[in-house]
Amino acid sequence: MTDKLNELTAAGVAVWLDDLSRVRLSSGGLDQLRREKHVAGVTTNPTIFAKALSDADEYNWQLRDLAIRGVDVEEAVRMLTTYDVRWACDVMRPSYDGSAGVDGRVSIEVDPRSAHDADKTVAEAKALWWLVDRPNLFIKIPATEEGLSAITDTLAEGISVNVTLIFGLDRYSAVMEAFLTGLERAKANGHDLSTIGSVASFFVSRVDSEVDKRLEKIGSDQAKALRGKAAVANAQLAYERYTEVFSSDRWKALEAAGAHPQRPLWASTSTKNPDYRDVIYVEELIAPGTVNTMPESVIHAYADHGETRGDTVTGSYDAARKVFTDLESVGVDMADVIATLEREGVEKFEASWQELLDGVSKSLKAAGSGNGAPNKAAKDNAKAAEKAGGA
């Protein structure tokens with residue numbers, strides 16, 4: 001029987017899991033995915049943690065201890081989430097060691113409420129790096145305008161970064177510039193560049209969701225024919241920019257000093273429209289040196305019926321540009337699409353973070369009262385958080 005995920009890995013795509021929970025860790029499920037499904041990394045976000053904390057009794061002992069200590073909810077959230085991420089880093093350590101530090105990474109996100117405060121973002125990134133204390137950690141920082149300087153400053157401290165919530169090409173170029181500047185400063189600060197990793201999380205399916213909504217509103221046959229094309233075209237053109245930047249003399253100087261490239265990571269790759277193939281955002285974005293982070297359902301779907309047809313990105317650039325030209329011709333303002341997605345992306349993660357805080361707050365109170373069921377108090381909050389977020 002063909003190992004389709006192995007074929008995908010051989011084509012240059014690192015398979016990462018977009019999920020984490022203590023149940024997955026304690027059951028050995030994450031390690032099983034690493035060993036049997038070629039999963040080489042893990043991404044998390046506030047929505048994932050809100051759901052994880054509401055669904056499992058595995059957190060009860062820690063919640064009781066935190067309640068006894070009288071910690072506030074902000075500290076409790078950090079203690080709970082960093083515990084899971086540290087554990088996941090240990091599970092993924094063989095992938096990290098086996099890839100010379102490229103894969104085996106686990107991401108934890110800074111408080112999304114700080115997305116527009118660079119100084120606070122950097123301070124929290126440093127605190128999380130210290131708390132988890134694992135070399136294969138990634139600190140997730142949103143790619144807002146203010147986040148760009150935070151990305152540079154964090155990398156300059158020798159801290160590995162997953163840049164998240166990238167939707168547009170110009171912002172992606174700015175992210176790569178922030179990465180290069182950060183590594184140059186890290187080198188000047190005496191850090192070993194070979195230990196610093198980074199990915200740039202370029203969101204995919206949400207682009208189609210927003211563009212398709214606008215195409216439906218326009219309503220013409222020409223507009224409807226463009227449904228389901230924007231997201232892949234956008235990511236393909238991002239890869240074109242990636243290849244240009246990481247073949248430059250500036251990059252080669254950093255590479256000679258031991259640096260690893262900042263790989264494009266395709267995020268939000270579950271299909272939101274049931275009319276689309278469930279693995280379309282994997283099959284159509286196969287290219288060397290990329291990462292695709294998927295919910296477990298998509299990993300299993302690809303293992304079952306995914307098709308690895310070689311590089312499906314390089315050479316597609318002219319066709320992708322035509323998609324953008326056609327979208328403009330029917331009245332879709334892609335600049336407004338990107339601005340909308342970035343604003344809503346930050347808002348959704350802020351909402352998920354608040355739901356997480358609310359759920360943990362109720363769980364702490366329940367644990368402190370000794371009723372033995374702190375997680376039940378968070379379930380309603382997690383439902384709203386799950387609706388708010390995504391990869």
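Which residue in S4 is the bridge partner of Glu-109? The bridge partner of Glu-109 is Lys-140.

## Basis of the model

This is a predicted model, in which local features need pLDDT of at least 70 and side-chain atom pairs count only at pLDDT 80 or more, while totals for chains, interfaces and linings use all residues. Residues are numbered from 1 along each chain as its sequence is written, and side-chain values use heavy atoms, with hydrogens and water left out.

Helices (H or I, at least four residues) and strands (E, at least two) are DSSP runs, numbered from the N terminus.

## The barrel

Eight strands form a closed barrel in the order S1-S2-S3-S4-S5-S6-S7-S8, with parallel pairing. The twist averages 30° from one strand to the next. Two strands are said to pair if DSSP finds at least two bridges between them. Strands of a sheet pair through backbone hydrogen bonds, either parallel or antiparallel.

## Strand S3 and its neighbours

Strand S3 covers residues 105-109. Five of its five residues are buried, where buried means under 20% relative accessible area, exposed means over 50%, and partly exposed lies in between (1.4 Å probe, protein chains only). Arg-105, Ser-107 and Glu-109 lie on one side of S3, Val-106 and Ile-108 on the other, and both faces are covered.

## Strand S4 and the crossovers

Strand S4 spans residues 137-142, and six of its six residues are buried. Leu-137, Ile-139 and Ile-141 point one way from the strand, while Phe-138, Lys-140 and Pro-142 point the other way. S4 pairs with strand S5 (residues 161-166) in the parallel sense over four bridges, and Ile-141 stands opposite Val-163 in S5. The chain crosses from S4 to S5 through helix H9 (residues 145-156), and this β-α-β crossover is right-handed. A crossover is right-handed if, with the strands pointing away from the viewer, the path from the first strand over the helix to the second runs clockwise. S3, helix H8 (residues 118-132) and S4 also make a right-handed β-α-β unit.

## Helix packing

Two packed helices are described by the angle between their axes and the distance between the axes. Axes are lines fitted to C-alpha atoms, for helices over the stretch in contact, and angles run from 0 to 180 degrees between N-to-C directions. Angles under 35 degrees count as roughly parallel, over 145 as roughly antiparallel, 65 to 115 as roughly perpendicular and the rest as oblique.

Helix H6 (residues 73-91) packs on H8 at an angle of about 55°, with the axes 9 Å apart. H6 and H8 are therefore oblique to each other. Their crossing is right-handed; a crossing is left-handed if the near helix is turned anticlockwise from the far one by less than a right angle, and right-handed if clockwise. For H11 and helix H13 (residues 230-245), the angle is about 130° and the axes are 7 Å apart. That makes H11 oblique to H13, and the crossing of these helices is right-handed.

## Helix H11

H11 has 14 residues (205-218), which should span 20 Å at 1.5 Å a residue, and its end C-alpha atoms are 20 Å apart, in agreement. The expected span is 1.5 Å times one less than the number of residues. Among the buried residues of H11 are Arg-206, Asp-208, Glu-210, Asp-212 and Arg-214, together with Val-207, Val-211 and Leu-215. Just after the helix, Gly-219 takes a positive phi of about 85°.

## Individual residues

Positive phi also occurs in residues other than glycine. His-38 has a phi of about 65°. His-38 lies in the loop between helix H3 (29-36) and strand S2 (39-43), and is partly exposed, with a relative accessible area of 23%. Leu-165 has a positive phi near 60°. Leu-165 belongs to strand S5 and counts as buried at 3% relative accessibility.

Val-279 sits in the loop between strand S7 (263-267) and helix H15 (280-283). Val-279 is buried, with a relative accessible area of 0%. Val-279 and Tyr-302 are 23 residues apart in sequence, and their C-alpha atoms are 6.2 Å apart in space.
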